[in-house]
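Student: I have a model open and would like to learn how to read its features. Where do we begin?

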Amino acid sequence: MVLVTGGTGYIGSHVAVELLNAGYQVLIIDDLSNSSPLVLDRIERICGKRPGFIKCNVADTDPLRKVFSDHPIDSVIHLAGLKSAPESVSEPVKYYSNNLNATLCLLKAMSEYGCRKLVFSSSATVYGVSGAPPFSEDSPTSCTNPYGWSKLMSERIITDACTADPSLKAVLLRYFNPVGSHESGLIGEDPAGVPLNLFPYICQVAVGRLEKLHVNGNDYPTEDGTGVRDYIHVTDLAAGHLKALNYLSNHDGVRVFNLGTGKGCSVLQMISAFEQATGITIPYEISPRRPGDVPSCWADVTRAERELGWKASRDINDMCRDGWNWQSKNPMGYRQ
Ligand code: WQD
């Protein structure tokens, strides 16, 4: 049985679908602080099977221990966590206590119940502003906000735990920019409040919830002056988690992998791709740069291709088509 923490969230729900479709037994724990239980019904509609679910915060020691004592969990995919970079700047203690305690409680429970395989959701944000793309797993890390530091610190904690106990093994997945939705349009990204991220913001403009996109700066040293990122289809990202589980069945220790496409896409290129894929015009205006943004970020994905046997297969058009399919069918997300 695979335990997916944060499994009713955007990434988690897509990971759960791929696991169930691959024949895994899946148990989701989530505190539902940033997701809807409706997702469980949608996952069942997609897969014909329903994942187990327990409402639980990973940092709550006793409920978490009960999850392990009551279920034959042999591996964990740990996605639960607070993930807003700007919010983490205004509330650092909340971010460190939530995200680090979750990792620590999980490692303690895994050790107590003999669960030896961990896949951890990390982020390309750990590459910070120091280096230049393409970022490889050996690129220097330096974070620009407490959210990123909480991910890097969790990587450190997990690495030290695996060094101290060689029977424990882990894969640390550094996500670049996940976007899009499952092809069914039944699950997708449903941010609370006004989206901070580009793609869900564009989708909400397209569906009429927001008036226009504000492009954060067009004076960056990039092809068209707007920020460049490595957008990856969330289904490709989810598939990377199954490859990580396979990797752990015959490798020891800890290994970091970038999950990206290896290709950069600017804000203006994303707008154009979305318009071409959907036939919908996205009105926008150029606004000032957003503090903390880096000009360009994209992945060197050779290690994941070589060692995981994983490569993203969906392109920007697929991301826009599938993202719009979700948003157009669910204008208010999971809020009916
Ligand atoms: C992408 C580009 C913006 C919004 C963030 C987190 C990172 C990860 C992914 C968790 C940038 C521009 C954005 C808007 C815009 N999350 N933009 N108008 O900042 O690369 O990464 O999400 O791990 O940790 O930091 O993604 O989508 O916010 O921005 O012009 O309304 O779109 O300036 O160039 P980002 P993003």
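Student: How do the residues of the shell around the ligand divide into nonpolar, polar and charged?

Tutor: Ala, Val, Leu, Ile, Met, Phe, Trp, Tyr, Cys and Pro count as nonpolar, Asp, Glu, Lys and Arg as charged, and the others, Gly among them, as polar. Here the shell holds 8 nonpolar, 7 polar and 3 charged residues. This is a predicted model: local features need pLDDT of at least 70, side-chain atom pairs count only at pLDDT 80 or more, and totals for chains, interfaces and linings use all residues. Residues are numbered from 1 along each chain as its sequence is written, and side-chain values use heavy atoms, with hydrogens and water left out.

Student: Which residues are the closest to the ligand?

Tutor: A residue is near a molecule if one of its heavy atoms lies within 4 Å of it. Of the 18 residues that surround the ligand, the closest are Tyr 147, Leu 198, Arg 229, Arg 290 and Asp 293. Strands are DSSP runs (E, at least two residues), numbered from the N terminus; β8 gives the most to the shell, with 4 residues.

Student: Which side-chain atoms of Asn 197 lie 2.9 Å from an oxygen atom of the ligand, polar or nonpolar?

Tutor: A polar contact is a pair of N or O atoms within 3.5 Å. In Asn 197 the atom is a polar one. For Tyr 147, a side-chain N or O atom is 2.6 Å from a ligand oxygen, while Asn 216 places a backbone N or O atom 2.8 Å from a ligand oxygen.

Note on methods. Polar contact = N/O pair within 3.5 Å; in protein donor to acceptor, adjacent residues only side chain to side chain.
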